[in-house]
Amino acid sequence: MAEIKSHEFEGFAEKSARSYKLFVVYGPDRGLVSERASILAERTGVALKDPFSLIKLDITDLQRDHGRLVDEAGAIGLFGGDKLLWVRGAANEKYLVDALQFLAESLPAGTFVIIEAGDLKKGSLLRKAAESSRNVIAIPCYADDTRALNALIDSELSAADLRITPDARQALLELIGGDRIASRNELKKLALYCRGQGSIEEHHVTEIIGDASAISVDDAVDAVLSGNAANFLHAMQKIISSKTAIFLVIQSCLKQFQLMDAIRAEMDEKRISSTQALQTLGRHLHFRRKPIVEQALRTWSPEAMARETNRLQSAVLQTRKRASLEDTIALHTLLSTTLQSARR
């Protein structure tokens with residue numbers, strides 16, 4: 001099993017990545033997945049600006065031709081040299097798993113393969129195939145924790161020769177973190193806004209990063225749980241205007257329903273109140289969100305939560321299969337869930 005933990009990635013990319021040829025980068029943080037895949041692509045040494053050396057494939061390309069990945073790997077380049085096959089949008093497609101297993105045993109020399117995937121559950125086909133092969137490197141990408149966010153802040157602000165006060169840092173930590181690329185872009189925007197001022201104060205953060213992705217996503221999910229269509233549409237408008245992926249909202253909403261299902265099971269098993277269950281299973285929730293989750297636990301029955309979870313999972317799958325309709329599918333599904341909450 002060759003899996004690189006989050007805290008190991010930088011050292012691996014710097015020292016060992018060039019020794020491997022096959023990578024599966026996956027996780028709920030799509031920005032971090034994309035960022036790490038790009039770092040790995042650079043480490044391969046392949047000429048990324050050469051269209052004969054870099055072949056980018058979307059999962060829809062492989063849906064039309066299940067054998068294309070293997071065919072591209074075996075094709076001889078017109079001018080020779082190393083080449084990189086970069087697949088995006090993967091999930092648990094059987095033909096992709098079969099291709100990965102085949103290439104793990106017989107990858108042509110000078111060929112690299114990077115597969116970007118979404119949130120793969122433990123035991124899922126693609127993740128299992130990656131983790132069980134000694135020739136494939138699996139790299140999970142989960143949402144940044146406080147330590148990772150602090151490191152990201154320090155990295156971006158030191159590059160801009162800026163310092164940040166403790167109060168400003170705390171305010172910033174509450175406004176970023178939903179997606180690595182979105183967080184990095186917000187930090188770049190803040191650095192540009194404060195350029196030449198030497199130090200970033202709290203008011204700078206609130207002035208320029210008022211609608212950062214993580215908070216906007218939470219606002220949208222809270223509106224869904226509360227059944228407030230007006231607040232939901234307002235939150236979605238902020239998310240769209242900030243260029244944050246709408247997929248993050250449906251993904252966060254799904255995780256919220258899964259958490260509620262776990263809390264409900266804990267309440268029934270131990271015969272405790274929602275407040276007591278939230279003290280253990282909901283520790284990571286912001287205190288302002290806990291009353292909304294408690295109210296949702298009272299209005300959604302276990303059966304209804306299970307049905308809605310299945311519907312959200314189905315919608316996530318559809319967004320992967322039909323990437324061009326991702327925003328429409330996500331928006332329609334989330335609005336439907338909001339209206340369900342309102343009726344309850």
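The following dialogue examines a predicted model through questions and answers.

Residues are numbered from 1 along each chain as its sequence is written. In this predicted model, local features need pLDDT of at least 70, side-chain atom pairs count only at pLDDT 80 or more, and totals for chains, interfaces and linings use all residues, while side-chain values use heavy atoms, with hydrogens and water left out.

Colleague: In what order do the five strands of the open sheet stand?

Modeller: Helices (H or I, at least four residues) and strands (E, at least two) are DSSP runs, numbered from the N terminus. Two strands pair if DSSP finds at least two bridges between them. The pairing in this open sheet is parallel, and the order of its five strands is 2-3-4-1-5.

Colleague: Which are the edge strands?

Modeller: Strands of a sheet pair through backbone hydrogen bonds, either parallel or antiparallel. An edge strand pairs on one side only. The edge strands here are strand 2 (54-58) and strand 5.

Colleague: How many bridges join strand 3 to strand 4?

Modeller: The bridge partner of Val 87 in strand 4 is Ile 115, and Ile 115 is also the bridge partner of Val 24. Strand 3 and strand 4 run parallel, and the number of bridges joining them is six.

Colleague: Which residue of strand 5 is the bridge partner of Phe 23?

Modeller: Strand 1 (residues 22-26) runs parallel to strand 5, to which five bridges join it. In strand 5, the partner of Phe 23 is Ile 137.

Colleague: Which residues of strand 5 point the other way from Val 136, Ala 138 and Pro 140?

Modeller: In a regular strand the side chains alternate between the two faces of the sheet. Strand 5 (residues 136-140) is mostly covered, with five of its five residues buried (under 20% relative accessible area, where exposed is over 50% and partly exposed lies in between, for a 1.4 Å probe and protein chains only). Val 136, Ala 138 and Pro 140 point one way, and the residues pointing the other way are Ile 137 and Ile 139.

Colleague: What angle does the direction of helix 2 make with that of strand 4?

Modeller: Angles run from 0 to 180 degrees between N-to-C directions, and axes are lines fitted to C-alpha atoms, for helices over the stretch in contact. Helix 2 (residues 30-43) packs on the sheet and touches strand 1, strand 3 (83-90), strand 4 and strand 5. Its direction makes an angle with that of strand 4 of about 175°.

Colleague: At what angle to strand 1 does helix 6 run?

Modeller: Helix 6 (residues 125-132) lies across strand 1, strand 3, strand 4 and strand 5. The angle of helix 6 to strand 1 is about 140°.

Colleague: Why are helix 16 and helix 17 described as roughly antiparallel?

Modeller: Two packed helices are described by the angle between their axes and the distance between the axes. The axes of helix 16 (residues 302-321) and helix 17 (residues 326-343) come within 9 Å and cross at roughly 170°. Angles under 35 degrees count as roughly parallel, over 145 as roughly antiparallel, 65 to 115 as roughly perpendicular and the rest as oblique. The two helices are therefore roughly antiparallel.

Colleague: Is Asp 222 buried or exposed?

Modeller: Asp 222 lies in helix 11. Leaving aside its neighbours within four places in sequence, Asp 222 is in contact (heavy atoms within 4.5 Å) with Arg 289 and Ile 292. Its relative accessibility is 11%, so Asp 222 counts as buried.

Colleague: What separates the C-alpha atoms of Ala 13 and Lys 94?

Modeller: Ala 13 is found in helix 1 (residues 9-15), and with a relative accessible area of 5% Ala 13 is buried. Leaving aside neighbours within four places in sequence, Ala 13 is in contact with Ile 39 and Arg 43. Lys 94 is 81 residues apart from Ala 13 along the chain, and their C-alpha atoms are separated by 29 Å.
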